[in-house]
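Colleague: I have just opened this one. Could you walk me through it?

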Amino acid sequence: MTPMTRPFPENFLFGAATAAYQIEGAAFEDGRTASIWDAFARVPGAVIGGDDGDVACDHYHRYPQDVALMKELGLQTYRFSTSWSRVRPDGGAVNAAGVDFYQRLVDELLAADILPWLTLYHWDMPQALQERGGWTDRDTVDRFLEYAGTMHDALGDRVNVWTTLNEPWCSSFLSYTGGEHAPGHTSIAEGLLASHHLLLAHGATVQELRGRDASLNLGITLNHTVADPADPQNPADIDAARRVDGQFNRWFLDPIYRGSYPADIMEDIRAVDADAVAQFEAAVRDGDLELISQHIDTQGVNYYHGDLVSGTAPADAPVSGGPATARPVRSPYPSNEGIHAVERGLPRTAQNWEVQPEGLTRLLQRVWTEYAEPAGTVLSMTENGAAYDDVVVVEDGEKRVHDADRTEFLRLHLGAVLDAVDAGVDVRGYFYWSLFDNFEWAWGYDKRFGIVRVDYDTQERTVKDSGSEYSRIIAARAL
């Protein structure tokens, strides 16, 4: 008997996602100058293996073949980011050669009937701006707005979907407080200031682009977790889950949708570092939150795993999902005392991240019900994926990657999206992370997320079994 298939909505888009620094390479070609990740990757111990993005997947030179591969897979849309350091090197004047690359890429996508889904910021700020304070400096908002305007000048006639920021939690708290990502600082005050200025840049860009063209689809992509208390009856566990949710999810959802930062979390952080909160409060000027909370058309949702947390340290070794780099780092949560990750026996990826598809269904329902639906905003899954230790085999003279774990991960999470759709959530698309194996930030090239394998020595691309399965799902428009 043929198993029943679950169809996807007619307006649902299937895509894959990448980021400029992770795949482009050509780090110092055609006028591009150093980003914060070029600088950070050269700090001893910052990235596993001392890896960097100088060459990466060499997409800058190989984009025509890469777009042809996207078409072969059947992708309807491709989410990519543009490099601020390539377009306005050092945060200064426009670099025509850098702009031209993205014009050629977009033209190639359109010729292949693939919808370009453009993200303006996926963490590659020009290093020259970081040396002037980076996201802790309000002036960076104006520099970002100039860059966004340059991209719209070049592509506004061909690109309809514009995402301002990717995962501002990572580019503020993980980067300026936790120290795991560029620029690698460990300051509570800097993380708070960066979070506000990132959101301010988002708001200013939405206002500017909507003023230019009211028909644009404008939004932001946030990464989320589902924080569950280890013991739902234990007040300490409940409080730990509240603080994870507040510092990871609500710190960004609340200002975007409700025009305010969560008051409970503000007081939690004040108890840890009153001076940092005072600096933050002084940085939030009249009108800022109105700018941040204007309407967006689409919110991107990035989800990899949830968190089971306790207020009590576990007796066994703590659960860790971060890269084992040599640099000292700290918790990205400003209020982190009494937050402990707990093992719950779920399967884990090569990064030690839990595989928790039901958490995605709950997350989509929560974001939709509490935030997006009341605001008239739709959702799209802009990142979801898994790293596994792939093995290349040769069969009938052809290289193959039988990545059964990733294939199952893909199917489970697409099923979780359909569960949310069945529950009434308006989810308009799914972008697998990532199209290619690539430079995975502080993990370097140690972990592979792609549905297409990249041989970093030869730049050969090999579609994995997961990529073939995704292609079949797209063609059937059903799971």
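Colleague: How are α14 and α15 oriented to each other?

Modeller: α14 and α15 are roughly parallel to each other (under 35 degrees; over 145 is roughly antiparallel, 65 to 115 roughly perpendicular, the rest oblique). This is a predicted model, with local features needing pLDDT of at least 70 and side-chain atom pairs pLDDT 80 or more, while totals for chains, interfaces and linings use all residues. Residues are numbered from 1 along each chain as its sequence is written, and side-chain values use heavy atoms, leaving out hydrogens and water.

Colleague: What angle and distance go with that pair?

Modeller: The axes cross at roughly 30° and come within 8 Å, for α14 at residues 357-375 and α15 at residues 404-422. Axes are lines fitted to C-alpha atoms, for helices over the stretch in contact, with angles from 0 to 180 degrees between N-to-C directions. Helices are DSSP runs of H or I, at least four residues, and strands runs of E, at least two, numbered from the N terminus.

Colleague: Which residues make the contact?

Modeller: From α14 there are Pro357, Leu360, Thr361 and Leu364, and from α15 there are Leu412, His413, Ala416, Val417, Asp419 and Ala420. Contact is heavy atoms within 4.5 Å. By class, α14 with α15 has 7 nonpolar, 2 polar and 1 charged residues. Asp, Glu, Lys and Arg count as charged, Ala, Val, Leu, Ile, Met, Phe, Trp, Tyr, Cys and Pro as nonpolar, and the others, Gly among them, as polar.

Colleague: And α15 with α16, at what angle do they pack?

Modeller: About 30°, and the axes of α15 and α16 are 8 Å apart. That makes α15 roughly parallel to α16. On the α15 side the contact uses Arg406, Thr407, Leu410, Arg411 and Leu414, and on the α16 side Asp465, Ser466, Glu469, Tyr470 and Ile473.

Colleague: How many charged residues are in the contact of α15 with α16?

Modeller: There are 4 charged residues, together with 4 nonpolar and 2 polar ones.

Colleague: Now α8 and α10. What is the angle there?

Modeller: α8 (residues 168-177) and α10 (residues 235-258) pack at about 125°, and their axes are 11 Å apart. α8 is therefore oblique to α10.

Colleague: Which residues meet there, from α8 and from α10?

Modeller: Pro168, Trp169, Ser172 and Phe173 of α8 meet Gln247, Phe248, Trp251 and Phe252 of α10. The contact of α8 with α10 has 6 nonpolar and 2 polar residues, with no charged ones.

Colleague: Where in the chain is aspartate 113?

Modeller: Aspartate 113 is in the loop between α5 (96-111) and β3 (115-121).
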